[in-house]
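This briefing is written for a reader meeting the structure below for the first time. Please view the sequence and the model before reading the points that follow.

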Amino acid sequence: MDKIEIRNLECYCHHGVLREENVLGQKFLVSAVLYMDTRKAGNEDDLSQSVNYAETAHFINEIMSLREHRLIESVAEHIAREVLLKYPLLKKIDVSIQKPWAPILLPLETVAVTIERQWTRVYAGVGSNQGNRRKYIDDAYAGIRNNRYCKCAYMSNIIDTEPYGYTEQANFLNGVICFETLYSPEELLKFFHRLENEGNRTREIHWGPRTIDLDILFYGDQILQTEDLIIPHKEIPYRKFVLEPLNEIAPYVIHPVLGKTVCDMYRELLESEKKKKKYSG
């Protein structure tokens, strides 16, 4: 990916843990690497197809000055987030903040924090089998579209499916939502839980009835396993109600663990179901 670099922008601000740092202020050096496709801007010699580095430098200086932070880690997060939100052509940013006057009572050149943040494409499963099923799904979709840390959202067709696992319940409406997000996987999970709570979701029976259910299926090509979250979702290859809408909008997305495309997994699942019916009949 192409890069535009801003190196060692000098900003005099009031960030720090110590009271003296907040009162007197000190010098910070900010560097940013902006990742985007500059081909069109270069071929057409058109600044509107790129990011104006002078404007971006002034914007970073403004961010540094408007709000005081105790930690430069917090300053770096704020800069990365706001720059990515302001300039839609950007895909990713590296931010480095140096603090050459750090008051540690030892000789040093500088201390620094460097972070990398980016927009990540997510595929999420959505389902409902209680109340006004379509409204619950539409409300969750609207919640994603209206969140400033999510963009470019679109949804598959919604299909009516029989329940999976616990079968003594009503049919579901299911679909898949694709969007890009600045949330980490853990932050996205918390956001989904908030949307489920707003949709009166309860968790009484595993795979049981629910007004709204949101599952992270793919988060970029990331592989993650924690106590609360497994990515990619471990049930993707076995759930027709996931693979059918996923195949509609993302047939060639590759499962980062299995190395198979969505359309391959969907075809294999259909073939497996066909064989089961043949031998059971």
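This is a predicted model: local features need pLDDT of at least 70, side-chain atom pairs count only at pLDDT 80 or more; totals for chains, interfaces and linings use all residues.

Residues are numbered from 1 along each chain as its sequence is written, and side-chain values use heavy atoms, with hydrogens and water left out. The structure holds 12 salt bridges, a salt bridge being a side-chain nitrogen of Lys or Arg within 4 Å of a carboxyl oxygen of Asp or Glu.

**Salt bridges**

- Arg-7 and Glu-5 are joined through their side chains by a salt bridge of 3.0 Å, N to O. Arg-7 counts as exposed because its relative accessibility is 64%, whereas Glu-5, at 38%, counts as partly exposed; buried means under 20% relative accessible area, exposed over 50%, and partly exposed in between, with a 1.4 Å probe and protein chains only.
- Asp-139 is paired with Lys-135 in a salt bridge whose closest N and O atoms are 2.8 Å apart. Both residues lie in helix α5 (residues 133–145), four residues apart, which is about one turn of the helix. Helices (H or I, at least four residues) and strands (E, at least two) are DSSP runs, numbered from the N terminus.
- Asp-139 is partly exposed at 40% relative accessible area, and Lys-135 is partly exposed at 47%.
- Glu-268 and Lys-260 form a salt bridge, with 3.0 Å between the closest N and O atoms. Glu-268 has 31% relative accessibility and so counts as partly exposed; Lys-260, at 30%, also counts as partly exposed.

**Surface patches**

- A patch of negative charge on the surface gathers Glu-186, Glu-187, Glu-227 and Asp-228. Patches are made of residues with over 30% relative accessible area and no salt bridge, like charges being joined within 9 Å and nonpolar side chains (Val, Leu, Ile, Met, Phe, Trp, Tyr) within 5 Å.
- Lys and Arg count as positive and Asp and Glu as negative, while His and the chain ends are not counted. The place of a charge is taken as NZ of Lys, CZ of Arg, CG of Asp or CD of Glu.
- Glu-227 belongs to the loop between β10 (224–225) and β11 (230–231), and it counts as exposed because its relative accessibility is 81%.
- Val-17, Leu-18 and Leu-71 make up a nonpolar surface patch, together having about 240 Å² of accessible area. Accessible areas come from the Shrake-Rupley method with a 1.4 Å probe, and for residues only the protein chains shown count as cover.
- Leu-71 is found in the loop between α3 and α4 (72–86) and is partly exposed, at 41% relative accessible area.

- Ser-48 sits in the loop between α2 (39–44) and α3 (53–66) and counts as exposed, at 51% relative accessibility.
- Glu-180, in strand β8 (residues 172–181), is buried at 12% relative accessible area. Its side chain makes a polar contact of 3.4 Å with that of Arg-121.
- Ser-128, in strand β5 (residues 120–128), is buried at 0% relative accessible area. A polar atom of the Ser-128 side chain lies 2.5 Å from the backbone oxygen of Thr-211.

Methods:
A polar contact is a pair of N or O atoms within 3.5 Å; within protein, one must be able to donate a hydrogen and the other to accept it, and residues adjacent in sequence count only if both atoms are side-chain atoms.
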